[in-house]
Amino acid sequence: MTEVGSAYRAYRAWVTEPLTPPPVVSVVIPAYNEEWRILPTIGAIATHMSARGEPWELIIADDGSTDATISLVRDLRFANLRLLVAEENRGKGNAVRRGMCAARGKLVLFADADQSTPIEQFDRLAALIDAGFDVVAGSRAAQGATVSGKSLTRRVLSRGLRAVVSRGFGITVTDTQCGFKLFTKDAAQELFSTQLVNGFSFDLEVLYLARHLGYRVAEVPVEWIDAPGSTVDAAKVSMQFLRDLLRIRLNRVLGRYRRARPSERFGA
Amino acid sequence: MIIRTELEPSRRVVHLVGRFDAHEAPVFRDVVHPLLTAEFTVLHIDLAQVAFVDSTALSELVRLQKAARAVNGEVILVDVSDPVRVILEITELAPLFTIEQTSAESL
């Protein structure tokens, strides 16, 4: 290869030189059987985050993958990439929780493995943390968001679930499920060591807890591109989501959120 | 993604702008693959303004390279953006291509 840019040089330094100061930013990617998508996503995230010039770390939180995801990530041997391997598949919420609790950055982002929200959107979320918010949720529903490739079925289901969430839980965030959320370290540690849902509805639960624990939550419109090849069954996930809504309410009523899990507080 | 082609007497250049992913692969195949002919066996693909390529896009580039090699030609990637360069490296696909840094004027 020939001439390279400053982002590439920053990436090479990040790959080869272990951080000496603690990271300013941690990026957590949950991964379950992502052998087809994980490497381009890591490449895009590593280039952008390294170019920002702040110390940062990448955490891949495996969720019991049975394909080559683990070996692909492990073989990269990046100095500032940590791979958290799970022995069994327990759900996206579980994977994100392990990653968020292991994160050391002052800011902690979790981002889906399919790069459906381009990492360049991080900067918009970080600006709101700087403005005093504790949790910033990327949103496909907020005014100004651009959404590409989302099927009609998914759009209708999303709209219906949004209405339920808003009326039933008083959550003002219009898109609870976008896989791109940024937290301060304190918020991430408290929220993810308290939440209990292992499945897709963990986002909703985290926002619900954030509201009840008094965190300042903002929503930012993001660019979102549907990633082809998703194995998510929208109807099935929606039914599970409704069941989880009831479970979250029940957990609250029974006082289960008072019991934090110190063993997971600082990661696996 | 925007695909713009330059068909010159001496060579063919394809400029890509945007995100090259599985959504774009069918159009890329329809538009770009036919540019390889017995007369034009070398294709230049300008990737300066591509910020992300997914695995499907990578497989399209490899497929194109195989087609070019089959007619004793090649695909040359030009002005590869930093993120695409990194993705080509970590997927170990970079050695399959000639990668050139060329001033915009010469394209």
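This is a predicted model: local features need pLDDT of at least 70, side-chain atom pairs count only at pLDDT 80 or more; totals for chains, interfaces and linings use all residues.
Reader: Why is A:Phe180 called buried?

Author: A:Phe180 has 26 other C-beta atoms within 10 Å. A residue is buried if 20 or more lie within that distance, and A:Phe180 is therefore buried. The residue belongs to strand β7 (residues 180-184) of chain A.

Reader: Which residues is A:Phe180 in contact with, leaving aside its neighbours within four places in sequence?

Author: They are A:Ala111, A:Asp112, A:Thr117, A:Gln121, A:Gly138 and A:Val222. The criterion for each contact is that the C-beta atoms lie within 7 Å.

Reader: How far apart are A:Phe180 and A:Arg159 in sequence and in space?

Author: A:Phe180 and A:Arg159 are separated by 21 residues in sequence and by 19 Å from C-alpha to C-alpha.

Reader: What makes α1(B) and α2(B) roughly parallel?

Author: The axes of helix α1 (residues 25-32) and helix α2 (residues 55-70) of chain B cross at roughly 20°. Angles under 35 degrees count as roughly parallel, and the two helices are therefore described in that way. Their axes come within 10 Å, and the crossing is right-handed.

Reader: Which residues of α1(B) and α2(B) meet?

Author: From α1(B) come B:Ala25, B:Phe28, B:Arg29 and B:Val32, and from α2(B) come B:Thr56, B:Ala57, B:Glu60 and B:Leu64. The residues of this contact comprise five nonpolar, one polar and two charged.

Reader: Why are β1 and β5 of chain B said to stand at the edges?

Author: Five strands of chain B form an open sheet in the order β1-β2-β3-β4-β5, with mixed pairing. β1 (2-7) and β5 each have a single partner strand, so one side of each is left without a neighbour in the sheet. On average, neighbouring strands are turned by 25° against each other, direction ignored.

Reader: How do you know that β4(B) and β5(B) pair?

Author: Two strands pair if at least two bridges are found between them. Strand β4 (residues 74-78) of chain B and β5(B) have three bridges, in the parallel sense, and so meet that criterion. B:Val78 stands opposite B:Glu100 in β5(B). Across β2 (12-20), β3 and β4 of chain B lies α2(B), which runs at about 135° to β4(B).

Reader: How many residues does each chain give to the contact?

Author: Chain B gives 18 residues and chain A gives 25 residues. On the side of chain B, β3 (42-53), α3 (82-90) and β5 (98-100) each give two or more residues. The largest share, six residues, comes from α3(B). This side of chain B divides into nine nonpolar, four polar and five charged residues.

Definitions and conventions. Residues are numbered from 1 along each chain as its sequence is written. Chains are lettered from A and ligands numbered from 1 in the order in which they are written. Two residues are in contact if their C-beta atoms, placed from the backbone, lie within 7 Å. Helices (H or I, at least four residues) and strands (E, at least two) are DSSP runs, numbered from the N terminus. Ala, Val, Leu, Ile, Met, Phe, Trp, Tyr, Cys and Pro count as nonpolar, Asp, Glu, Lys and Arg as charged, and the others, Gly among them, as polar. A residue is buried if 20 or more other C-beta atoms lie within 10 Å of its own, exposed if 12 or fewer, and partly exposed in between; C-beta atoms are placed from the backbone. Axes are lines fitted to C-alpha atoms, for helices over the stretch in contact, and angles run from 0 to 180 degrees between N-to-C directions. Angles under 35 degrees count as roughly parallel, over 145 as roughly antiparallel, 65 to 115 as roughly perpendicular and the rest as oblique. A crossing is left-handed if the near helix is turned anticlockwise from the far one by less than a right angle, and right-handed if clockwise.
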